[in-house]
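I opened a notebook page for this structure.

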Amino acid sequence: MISEGTKTPLPKPALRQKPQSPFYFDTGYALYAKRPSRPFPPPFLSMPSGSFSDPLSTHNRSRDRRSYVNGQMIRGITNGDDAVLVGENFIGANDGVGAWAQKPRGHAALWSRLILHFWALEVERDSSVTSTTSTSLEPNPVAYLQTAYEHTLEATAAPNEWKGTTTACGALLHHVHEAPSIEPLLYVTNLGDSQVMVVRPETKEIVYKTTEQWHWFDCPRQLGTNSPDTPQANAVMDKIKIREGDVVLAMSDGVVDNLWEHEVVQNVHESMQK
């Protein structure tokens, strides 16, 4: 299954909340799932009622196929067991561990999506991200991810217990004051073997890429059921000075395990020329 777009959906209130930084991502995404995504279970997705006369009928809500948690539309989109979020100042790619599909009450896609959702919410709420360029507040993406992890644990606990694990990587676009100007500054957070890469098309140069984190072969660091990893203890955050025109990629290992770095750069360069 192949899908593509520019930005992942947002609820109307979030559409009205704009980052105050002078810099923004000109976004796009492309997805390829090796198997179809499993539907989210209740209560994250309302099931159709039998008729209008059913007690506490969910008929109207059942026509809305979007997923919800705590009364809010879940940010991002699902791709197989993975999740992707694309916004003006924050992008992320979480790689859900597909083996959970064979386990009782296993749902890696739910875990990957919820963590990305709650992570994006923390970005939206923090004043360091929404403040104007006249302030010197600094965002803390690792703290945002830690909070997202804790909220996901709560959302998937009894009586709605669902098990799963996921890697996490995200890039938050912010700014830094370097008198007399304001320059773009990228905050990259990674836990596991997904990857954020910054490519400079004009020179076909890789400016930055994250380093994979592993417990052992084929077992990356991951967040979720039975995993000892936590964002606070294991996530790595880097700050990278970038230029306008640089391309920031957030990719699962489905990309980086199947394409050499020069092939990724070449694809970016050719796409920018079209």
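The entries below record what I looked up in this model, which is predicted.

**Entry 1: the chain as a whole**

I started with the secondary structure and found 8 helices and 17 strands in the protein chain. I then looked up burial: of the 274 residues in the protein chain, 50% are buried. The protein chain exposes about 14300 Å², and I noted that carbon and sulfur atoms supply 52% of that area. For contacts in the protein chain, I took those between residues at least 6 apart in sequence; 72% of them join residues at least 24 apart.

**Entry 2: helix α8**

I checked the length of helix α8 (residues 261-273) against its residue count. With 13 residues at 1.5 Å a residue, α8 should span 18 Å, and its end C-alpha atoms are 19 Å apart, which agrees. Next I asked which residues of α8 are buried. They are Val-264, Val-265, Val-268 and His-269. These residues cover an arc of only 130° around the axis, so they sit on the same side of α8. His-262 and Gln-273, on the other side of α8, are exposed. I also looked up what the buried residues of α8 pack against: β11 (195-200), β12 (205-209) and β17 (247-251).

**Entry 3: helix α5**

I repeated the length check on helix α5 (residues 141-155). From first C-alpha to last, its 15 residues reach 21 Å, close to the 21 Å expected at 1.5 Å a residue. The buried residues of α5 include Pro-141, Tyr-144, Leu-145, Tyr-149 and Ala-155.

**Entry 4: the aromatic pair**

I searched for aromatic pairs, and the structure holds 1. The ring centres of Phe-90 and Trp-119 are 5.2 Å apart and the planes are at 70°, so this pair is edge-to-face; the angle has to be over 60 degrees for that label. Phe-90 is in strand β7 (residues 90-94) and Trp-119 is in helix α3 (residues 108-125), so the pair ties together parts that are 29 residues apart in sequence. Are the two residues buried or exposed? Phe-90 is buried, with a relative accessible area of 3%, and Trp-119 is buried at 0%.

**Entry 5: cysteines**

I wrote down a reminder that a disulfide is a covalent bond between the sulfur atoms of two cysteines. How many disulfides does a search of the whole structure find? It finds 0. I looked up the burial of two cysteines. Cys-169 counts as buried at 0% relative accessibility. Cys-219 has a relative accessible area of 15%, and buried means under 20%, so Cys-219 is buried too.

**Entry 6: backbone exceptions**

Most residues other than glycine have a negative phi, and most peptide bonds are trans. I looked for exceptions to both.

- Pro-42 and Pro-43 are joined by a cis peptide bond with omega about 10°; Pro-43 lies in the loop between β2 (29-32) and α2 (59-62).
- Ala-158 to Pro-159 is also a cis peptide bond, with omega near 5°; Pro-159 is in the loop between α5 and β8 (165-166).
- Asp-218 is not a glycine, yet its phi is positive, about 65°. Asp-218 lies in the loop between β13 (214-216) and β14 (219-220) and counts as exposed at 62% relative accessibility.
- Asn-226 has a positive phi near 65°. Asn-226 is in the loop between β15 (223-224) and α6 (231-234) and counts as exposed at 74% relative accessibility.

Note on methods:
Residues are numbered from 1 along each chain as its sequence is written. This is a predicted model: local features need pLDDT of at least 70, side-chain atom pairs count only at pLDDT 80 or more; totals for chains, interfaces and linings use all residues. Side-chain values use heavy atoms; hydrogens and water are left out. Helices (H or I, at least four residues) and strands (E, at least two) are DSSP runs, numbered from the N terminus. The expected span of a helix is 1.5 Å times one less than its number of residues. Buried means under 20% relative accessible area, exposed over 50%, partly exposed in between (1.4 Å probe, protein chains only). The arc is that of the directions from the helix axis to the C-beta atoms. Contact means heavy atoms within 4.5 Å. A disulfide is a pair of cysteine sulfur atoms within 2.5 Å. Accessible areas come from the Shrake-Rupley method with a 1.4 Å probe; for residues, only the protein chains shown count as cover. Rings of Phe, Tyr and Trp (its six-membered ring) pair if their centres lie within 6.5 Å; planes under 30 degrees apart count as stacked, over 60 as edge-to-face and the rest as tilted.
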